[in-house]
Amino acid sequence: MTAAARRALADAVHRPYWLDRPERPDPLPPLTGADSADLAVVGGGYSGLWTALLAKQADPGRDVVVLEAGTCGWAASGRNGGFCAASLTHGSANGAALFPDEIVTLERLGRANLDDIGATVDRYDIDCDFRRTGELTVAVEPYQLAGIADDAALAARLGHPGILLDRDALRAEIDSPTYLGGFWDTDGVAMLDPARLAWGLRRVCLDLGVRIHEHTRVTGLHRDRAALRLRTPHGRLRADRVALATNAFPPLLRRLRHYLVPVYDYALMTEPLSPAQLAAVGWHNRQGISDAANQFHYYRRTADDRILFGGYDAVYHAGGRMTPALEHRTVTFVRLAEHFRATFPQFDGVRFSHTWGGVIDTCTRFCAFHGTAYDGRLAYSAGFTGLGVGATRFGARVMLDLLAGADTELTRLALVRDRPVPFPPEPLRTAVIQLTRRSMARADANEGRRDAWLRTLDRLGLGFDS
Ligand SMILES: Cc1cc2nc3c(=O)[nH]c(=O)nc-3n(C[C@H](O)[C@H](O)[C@H](O)COP(=O)(O)OP(=O)(O)OC[C@H]3O[C@@H](n4cnc5c(N)ncnc54)[C@H](O)[C@@H]3O)c2cc1C
């Protein structure tokens, strides 16, 4: 199997497929010299771009500047799986466990957020292959069927549509010999082309008058009387308000380091499949798919009928190390290629064109937290833990409400007011994360049985996820 996986990977280039296309925009000039703005947004991924876009929509006269260390969308936003979920809480089950009194409201806000993303894509003609096909969660081990049934029951309780599929019905929809049953959340997830969404949001921001500086890393932040001053390698910016949208990268606000760890997630992209190859599997409804293990895979079809296959390994490096070299992990790519072949033996001989990795901002409760600093002049939203394609737009709205000092439905939420439990400091941090990962792998190999450590974390509402 390993030899076949290696053969399938032999010609793959190591860069994110989504970013490796000719429509990638040319970079915008960096900030040079001294400048000022009403609102400075640090980071040009979805979080930053949505913040700038929504700020301009609300007040076209507001002077908004985005400062991006690389190019907009180069990081997680341009290299993810493209599952754009309504859930603001890394799944309804996690939300119901963490915020039982608020879950109905959170689900309503999440569905409205997804509707609004779709409406923005339509309104500004963002060509990002947005399709509300839903997501199928599949059981690949018998013990996972109970969890799938629980998902279906929770969806019904929350009034969401969805279809519980037994093995035969599921395999009629998508034929994998590994499938035992599944739940199709038919409305709560849209599948999209992630880089094209980022590039589209960037274009809309520019059209609305947002000023964007790329290759402009903010290296320092300090108070300057009634404003904040941002330092960059070749310039400085004085801003009345600052939105921090830097995801897993070392935060400019030191206190955030306690709550966030950078976790590497990996993916493969196949070459385009022929209609005959696809006919052997079905998958006409183009749902996103993930399995119900702790170490889960996620996979989807693209507009040009490739298959993206990712997940399983979620890797934390001691000390929170982040370097471009860590985006390449042969052992993970080979493992994913083997798992792909086991999932779809019909695709024997299909080769991969791209392999890549990227960083997600894991926090202990798996869903974003928010807050302010510098007397409300700075707001942040971080901790999306691998489910930020949709939730970042909500985080952007929260940051703008916080920066306005407004008392709104959003700022009153426990989701917004409460912080996650911090990670312990190093070297304990690495030890605890590795212990948790090992326990999760053991549970997957052991019919889902959770050991004493995982049960303790469950009781405390804590964990490690991607
Ligand atoms: C492989 C992979 C697969 C994923 N799959 C999914 C999925 O299918 N569905 C889903 O919902 N989520 C998924 N995610 C997560 C999702 O991509 C993120 O939650 C989301 O893109 C976060 O957006 P962001 O703008 O907060 O972060 P990013 O896109 O990481 O943007 C942060 C930006 O801040 C910039 N920056 C950092 N520091 C500074 C500084 N000091 N000065 C200036 N700029 C700075 C960075 O250069 C970067 O561009 C995945 C992530 C990865 C890596």
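**A helix pair and some buried residues**

Modeller: Helix H12 (residues 428–445) and helix H13 (residues 452–460) have axes that come within 9 Å and cross at roughly 110°. Axes here are lines fitted to C-alpha atoms, for helices over the stretch in contact, with angles from 0 to 180 degrees between N-to-C directions. Helices (H or I, at least four residues) and strands (E, at least two) are DSSP runs numbered from the N terminus. This is a predicted model, in which local features need pLDDT of at least 70 and side-chain atom pairs count only at pLDDT 80 or more, while totals for chains, interfaces and linings use all residues. Residues are numbered from 1 along each chain as its sequence is written, and side-chain values use heavy atoms, leaving out hydrogens and water.

H12 and H13 are therefore roughly perpendicular (65 to 115 degrees; under 35 is roughly parallel, over 145 roughly antiparallel, the rest oblique). From H12, Val 432, Leu 435, Thr 436, Ser 439, Met 440 and Ala 443 meet Trp 453, Leu 454 and Leu 457 of H13; contact means heavy atoms within 4.5 Å. The residues of this contact divide into seven nonpolar, two polar and no charged (Ala, Val, Leu, Ile, Met, Phe, Trp, Tyr, Cys and Pro are nonpolar; Asp, Glu, Lys and Arg charged; the others, Gly among them, polar).

Now to Tyr 46, which sits in helix H2 (residues 46–58). Tyr 46 counts as buried because its relative accessibility is 2% (buried is under 20% relative accessible area, exposed over 50%, partly exposed in between, with a 1.4 Å probe and protein chains only). Its C-alpha atom is separated by 7.2 Å from that of Val 389, 343 residues apart along the chain. The side chains of Tyr 46 and Asn 80 make a polar contact (3.3 Å); the term means a pair of N or O atoms within 3.5 Å, and within protein one must be able to donate a hydrogen and the other to accept it, with residues adjacent in sequence counting only if both atoms are side-chain atoms.

A polar backbone atom of Tyr 46 is also 3.0 Å from an oxygen atom of the ligand. A polar side-chain atom of Ser 47 lies 2.8 Å from a ligand oxygen atom, and a backbone N or O atom of Val 218 lies 2.9 Å from a ligand nitrogen atom.

Lastly, Arg 286 is in the loop between helix H8 (275–279) and strand E13 (288–291). Arg 286 is buried too, with a relative accessible area of 16%, and its side chain reaches the backbone oxygen of Thr 302 at 3.0 Å.
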